[in-house]
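Thanks for coming. I will go through one residue and then two interfaces. Please have the structure open while I talk.

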Protein chains: 6
Amino acid sequence: MKGNITMNVKNKKVLVIVAHPDDEVLGMGGTIAKCAANGAEIGLLIVTDGSTSQYKDIPNLHEIIEEKKQETKRSADILGIKHIYYGKQPDMKLDVTEHIRVNNAIENVVNEFNPDIVFTHFDGDVNKDHQCVFQSTLVACRPIPGQKVKELYSFSVPSSTEWSPQNTKNIFMPNLFVDIEGQYAESKYNAMKEYKTELRKFPHPRSIETLEILDSAVGLQIGIKCAESFIVHRIIK
Amino acid sequence: MKGNITMNVKNKKVLVIVAHPDDEVLGMGGTIAKCAANGAEIGLLIVTDGSTSQYKDIPNLHEIIEEKKQETKRSADILGIKHIYYGKQPDMKLDVTEHIRVNNAIENVVNEFNPDIVFTHFDGDVNKDHQCVFQSTLVACRPIPGQKVKELYSFSVPSSTEWSPQNTKNIFMPNLFVDIEGQYAESKYNAMKEYKTELRKFPHPRSIETLEILDSAVGLQIGIKCAESFIVHRIIK
Amino acid sequence: MKGNITMNVKNKKVLVIVAHPDDEVLGMGGTIAKCAANGAEIGLLIVTDGSTSQYKDIPNLHEIIEEKKQETKRSADILGIKHIYYGKQPDMKLDVTEHIRVNNAIENVVNEFNPDIVFTHFDGDVNKDHQCVFQSTLVACRPIPGQKVKELYSFSVPSSTEWSPQNTKNIFMPNLFVDIEGQYAESKYNAMKEYKTELRKFPHPRSIETLEILDSAVGLQIGIKCAESFIVHRIIK
Amino acid sequence: MKGNITMNVKNKKVLVIVAHPDDEVLGMGGTIAKCAANGAEIGLLIVTDGSTSQYKDIPNLHEIIEEKKQETKRSADILGIKHIYYGKQPDMKLDVTEHIRVNNAIENVVNEFNPDIVFTHFDGDVNKDHQCVFQSTLVACRPIPGQKVKELYSFSVPSSTEWSPQNTKNIFMPNLFVDIEGQYAESKYNAMKEYKTELRKFPHPRSIETLEILDSAVGLQIGIKCAESFIVHRIIK
Amino acid sequence: MKGNITMNVKNKKVLVIVAHPDDEVLGMGGTIAKCAANGAEIGLLIVTDGSTSQYKDIPNLHEIIEEKKQETKRSADILGIKHIYYGKQPDMKLDVTEHIRVNNAIENVVNEFNPDIVFTHFDGDVNKDHQCVFQSTLVACRPIPGQKVKELYSFSVPSSTEWSPQNTKNIFMPNLFVDIEGQYAESKYNAMKEYKTELRKFPHPRSIETLEILDSAVGLQIGIKCAESFIVHRIIK
Amino acid sequence: MKGNITMNVKNKKVLVIVAHPDDEVLGMGGTIAKCAANGAEIGLLIVTDGSTSQYKDIPNLHEIIEEKKQETKRSADILGIKHIYYGKQPDMKLDVTEHIRVNNAIENVVNEFNPDIVFTHFDGDVNKDHQCVFQSTLVACRPIPGQKVKELYSFSVPSSTEWSPQNTKNIFMPNLFVDIEGQYAESKYNAMKEYKTELRKFPHPRSIETLEILDSAVGLQIGIKCAESFIVHRIIK
């Protein structure tokens with residue numbers, strides 16, 4: 001097997017729904033780049049601002065949120081994301097936010113962007129915002145007659161997915177693998193470098209070196225050198 | 001949503017691996033017809049003769065096996081199956097057949113037909129031949145570097161899958177749904193009618209009326225009128 | 001097997017605990033009718049009003065709630081439900097309601113009606129109110145010394161149970177099947193027709209035609225023509 | 001709660017299917033006694049002789065088998081078992097015995113005794129004979145149209161069930177509890193005392209003192225003083 | 001095997017994190033006594049006051065809280081607990097308390113006490129405070145580079161763990177067993193007797209007699225006379 | 001955290017039970033080296049010859065088996081393994097070998113070596129010999145009164161564990177992590193290099209480069225640079 005397998009996403013609309021800025025890169029930056037390169041139109045919905053809790057005692061919170069938006073923008077440009085939406089929900093507090101409120105925030109964007117394919121968080125993550133985003137995405141994409149979304153996947157995020165208790169309730173068991181060897185992996189790591197406020201030092205999970213090793217390890221499970229992996233929740237053909 | 005969703009399988013080679021004649025129709029007759037109609041080349045591997053145990057006290061066993069092969073042929077023609085392979089393993093005895101022997105029987109056909117996509121039984125079925133065929137297919141399609149098989153799915157078979165103990169070890173939890181409303185469902189039921197030796201009276205699971213109801217029920221879960229469902233074991237893109 | 005199997009519930013008190021009006025019919029309308037016909041005394045507890053969120057921007061909310069109560073009453077009469085209780089919790093907001101508050105709402109009715117047998121929602125449903133009602137029912141019926149409730153079951157609700165992620169955390173795996181062929185199924189569909197505000201067009205899960213197909217499919221799993229299914233949580237004999 | 005809950009099994013035929021002599025007492029001796037006392041007709045099928053492997057180097061194997069049959073008979077009399085059947089399969093070798101051969105051994109007795117209710121081993125037990133007996137019982141009682149068996153349960157056996165790896169594949173998760181406080185527990189322990197060849201010294205699981213503690217512990221989970229527990233596999237009403 | 005196995009915890013710091021006063025005794029009183037006797041330094045964090053909900057309508061709530069603290073103190077002295085911390089979160093309301101607030105309450109104590117080993121509740125317990133404490137402990141002990149906590153375990157609590165639905169999501173499947181026969185068991189029951197406000201009459205799970213039977217039953221699973229059991233969540237060596 | 005965490009295994013006897021030569025290195029080579037360096041006495045039991053099936057058409061099979069034994073010896077010397085036992089069961093055929101025969105082969109060595117700690121395969125591996133070895137080890141180490149084995153763990157083997165279907169039945173969910181950074185990892189890779197007949201080219205799972213990446217990925221999950229991981233089946237303290 002040489003070269004990357006082609007993805008069949010030409011003219012498809014792909015929506016990536018995440019809790020916090022940078023989750024989209026950590027979880028599936030290479031796959032986003034590959035989808036974009038193969039002709040998909042990519043939307044990104046970030047449900048919370050990712051800052052209000054983390055920086056709650058900092059006076060210039062507004063500036064930080066603005067800076068993070070700039071990081072997201074630069075990162076998205078590298079990956080080929082066309083549309084960025086903000087869900088404006090409170091960071092690190094989705095567990096005490098009404099489920100229907102988060103549902104609505106996501107449904108609004110699903111209705112506006114009208115995707116064929118949706119990617120989101122895994123609900124076994126230790127991070128409760130991730131869990132809530134998954135659960136609300138599930139509602140927003142429920143298969144009522146006429147539902148346009150035909151594929152629904154979830155991804156893992158280093159420093160959240162592997163820190164949940166490793167039992168059958170929470171373990172990430174992927175069945176879709178995307179070969180990102182080469183340019184797509186490069187784009188992913190470059191996109192991550194734009195998130196300066198989120199990067200940590202190796203061996204922290206949110207370091208470029210860690211991402212490289214994890215992506216290799218995922219690929220080696222299925223005989224290729226570099227991959228991202230996903231759980232298939234629903235494909236309708 | 002009107003009309004069936006198009007499947008993207010043009011020029012793909014699809015191999016269906018089953019334990020006994022008629023499992024391919026019961027499990028995924030409509031999907032086979034849809035794949036064929038959308039340009040896939042379909043192979044069918046039947047691992048056992050499906051008769052030696054069932055008819056063991058009957059003097060003209062050879063004739064029955066021959067007759068069943070004719071049923072398979074006529075049914076396959078309706079569905080658009082091009083190649084039929086026989087694994088020649090003992091019917092209803094795979095549980096005491098060496099695993100590597102069944103592995104080899106399947107690997108030989110996988111190597112010869114060289115499929116992109118493989119469908120087989122679910123290993124939670126109450127029928128042990130089904131379990132063994134799944135497990136050996138898994139070995140035959142293991143993702144070593146260079147493995148051509150990029151998609152591996154399993155299907156349920158009425159009167160086997162739902163009769164296993166309904167616990168987390170054995171329950172069938174599909175995540176791929178194929179819309180077979182209309183012509184594909186018709187082909188499936190017509191193909192099944194060719195298996196006269198296997199049909200039973202309603203409400204037995206192996207009756208046309210039961211198949212119609214079950215296919216409707218599967219579809220209604222995801223908002224369409226008639227569907228078959230599968231578990232995604234591995235997709236590599 | 002001809003005719004329906006007799007249920008042994010004579011003089012037993014059966015309490016059905018649901019989140020919203022119509023869940024009792026969708027989930028177990030036929031079984032309610034069968035229990036009533038076999039001499040049980042049936043109570044129904046509806047934990048929320050089922051309207052405050054759904055119709056929140058409508059000026060005559062109060063009238064809608066009243067109308068829905070009338071639908072419930074007419075439907076209950078068809079099924080043979082004798083007592084209707086309202087839990088008065090906020091619709092679609094149980095996920096942010098204190099667990100002990102919902103526990104209390106249910107415990108009050110359990111203490112008042114004093115049932116032998118309790119049926120409620122499955123906690124794998126995608127609807128969070130269903131999950132919460134299950135969890136609080138579990139507390140209200142916990143097996144302390146002297147607990148009168150000797151049987152606890154949960155049921156599925158079309159358009160909620162099958163829309164959860166189909167994994168081992170959420171899949172509905174029934175082990176109790178009730179044959180409702182004939183009059184009990186008829187009563188169920190007639191009772192559902194009274195819930196005009198909830199009915200949808202086929203192939204939506206909340207249509208009579210869908211219910212008929214799903215009830216057939218459930219029955220065919222166990223060799224009968226029409227059934228409802230349940231998970232046994234606890235039987236004490 | 002004083003006194004034992006009455007079981008509703010009058011005139012029902014109950015078949016207990018076990019791998020080895022004494023499993024019926026260890027697993028459900030109290031429940032057998034209670035069923036018998038409440039008017040059920042009890043059959044017992046012991047699938048293997050329980051001795052050929054255990055005593056394989058002993059010259060008088062035949063005498064030992066005969067002695068064990070006498071133990072079984074005396075024990076059965078205490079519990080109220082009316083019919084004892086022997087499946088004549090090889091002890092400790094069901095894992096390499098053809099599945100259909102064990103199926104047939106069980107189907108023959110199911111057809112002859114024609115039970116309404118069947119109890120058997122749990123398939124998560126560390127003992128492979130137990131696993132095989134469960135799996136073949138499942139086939140023998142599969143819910144084809146007209147199947148008379150309406151209830152199927154499994155029980156645990158001390159020194160087998162709790163020694164399997166405690167994971168979601170193998171853990172025993174009971175949902176039916178039978179109160180055996182008093183006379184039924186007494187009958188159980190007396191019946192066990194007849195199996196002199198199987199009893200061990202406390203704290204071995206196969207000692208009377210251990211059984212007493214385990215039965216207490218099971219009961220205390222649900223607020224009573226002494227109970228046996230079961231998994232409900234299928235109840236049809 | 002005579003005498004108790006020695007635990008290797010000399011000079012280790014062990015932190016026990018519970019939701020309510022007495023959970024530490026019910027869950028692992030004997031193991032605490034054994035750790036202390038073997039040279040560990042024990043800390044106890046009680047996350048809620050355990051009274052505000054239970055006694056909410058009682059005028060002298062403050063006195064009750066004070067009394068319970070005295071019970072905790074006397075009980076802790078018996079077991080050899082050196083440090084008692086209070087998390088000051090609302091009793092029976094952690095399910096509607098922000099996750100990060102509970103995280104912080106626990107992280108503060110983890111940082112202050114700086115344990116090597118942490119024990120906490122099982123997240124399958126029916127009690128939602130237990131679930132929340134587990135989840136926040138998981139966050140507080142997440143394995144970031146440099147994390148000092150090297151062992152993380154959870155325990156069961158009678159009248160909470162066994163009352164959850166017994167399915168693969170919630171069942172307690174222990175893999176660490178601690179032999180507490182003799183003096184450690186004695187200390188446990190004596191410590192429990194200090195919690196006069198929590199003790200109930202046999203056969204309630206919170207009675208000394210019940211604890212004795214349950215501890216015996218746990219031990220007998222692994223061939224010893226009296227034990228406590230735990231789930232290993234993470235050991236790093 | 002600098003330097004490796006010390007393991008407390010001084011004077012403990014550790015038995016590693018594998019199906020085929022090289023499984024001990026692939027699965028836990030670094031941990032073996034670390035145990036040996038910390039004062040444990042290590043035994044290795046290889047249950048099959050690992051060659052009769054793989055090389056079945058080769059005339060000089062005997063020489064190959066001999067050569068593989070030499071590889072094992074050289075590899076064992078590097079790791080610090082003191083005793084090598086051979087179980088002499090047929091390679092790749094344990095699935096059709098009587099369970100009690102494999103049990104006996106393992107029990108004999110357990111009785112002779114008399115270990116405190118046992119490591120073996122994970123029973124979710126796609127390789128059936130691995131599954132059988134696990135199951136028989138479980139029997140050989142069952143916790144009867146007086147059982148000396150106090151710790152039982154299983155490990156994963158690249159190219160077997162990750163190729164099983166990734167579902168809750170088969171997924172490897174480790175909870176024990178051993179830091180092997182530095183010398184222990186070096187010993188592992190050097191030991192593997194002695195198994196010339198088993199090494200494959202990168203990116204095959206059985207290549208040194210793959211092992212390095214996988215060991216890094218395992219470590220990074222818990223904040224360290226290089227680790228091996230295990231499932232805790234039973235620890236008794």
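Let me begin with a single residue. B:Asn11 has a relative accessibility of 66%, and the cut-off for exposed is over 50%, so B:Asn11 counts as exposed. Keep in mind that this is a predicted model.

Where does B:Asn11 sit in the chain? You will find B:Asn11 in the segment before strand 1 of chain B, and that strand covers 13-18. If we set aside neighbours within four places in sequence, B:Asn11 is in contact with B:Gly39, B:Ala40 and B:Asp116. One distance to note: B:Asn11 and B:Ala36 are separated by 25 residues in sequence, and their C-alpha atoms are 9.7 Å apart in space.

Now to the interface of chain B and chain A. On the chain B side 26 residues make contact, with 26 residues of chain A. Between them the two chains bury about 2,100 Å², and carbon and sulfur atoms account for 61% of that. B:Asn175, B:Ile235 and B:Lys237 provide 30% of the area that chain B buries against chain A, more than any other three residues.

What about charges and polar atoms here? The number of salt bridges between chain B and chain A is zero, while 15 residue pairs are in polar contact across this interface, both residues at pLDDT 80 or more. Strands 5, 6 and 7 of chain B each supply at least two residues of the side that touches chain A. Strand 7 gives the most, with five residues. By type, that side of chain B divides into 14 nonpolar, six polar and six charged residues.

How are the two chains related?

D:Lys128, D:Trp163 and D:Lys169 supply 42% of the area chain D buries against chain F, more than any other three residues.

How many salt bridges cross this interface? The rule finds two. In a salt bridge between D:Lys169 and F:Asp123, the N to O distance is 3.1 Å. That is my last item.

Methods
Residues are numbered from 1 along each chain as its sequence is written. Chains are lettered from A and ligands numbered from 1 in the order in which they are written. This is a predicted model: local features need pLDDT of at least 70, side-chain atom pairs count only at pLDDT 80 or more; totals for chains, interfaces and linings use all residues. Side-chain values use heavy atoms; hydrogens and water are left out. Buried area is the accessible area (1.4 Å probe) that two parts lose on being put together, summed over both. A salt bridge is a side-chain nitrogen of Lys or Arg within 4 Å of a carboxyl oxygen of Asp or Glu. Helices (H or I, at least four residues) and strands (E, at least two) are DSSP runs, numbered from the N terminus. Buried means under 20% relative accessible area, exposed over 50%, partly exposed in between (1.4 Å probe, protein chains only). Contact means heavy atoms within 4.5 Å. A polar contact is a pair of N or O atoms within 3.5 Å; within protein, one must be able to donate a hydrogen and the other to accept it, and residues adjacent in sequence count only if both atoms are side-chain atoms. Ala, Val, Leu, Ile, Met, Phe, Trp, Tyr, Cys and Pro count as nonpolar, Asp, Glu, Lys and Arg as charged, and the others, Gly among them, as polar.
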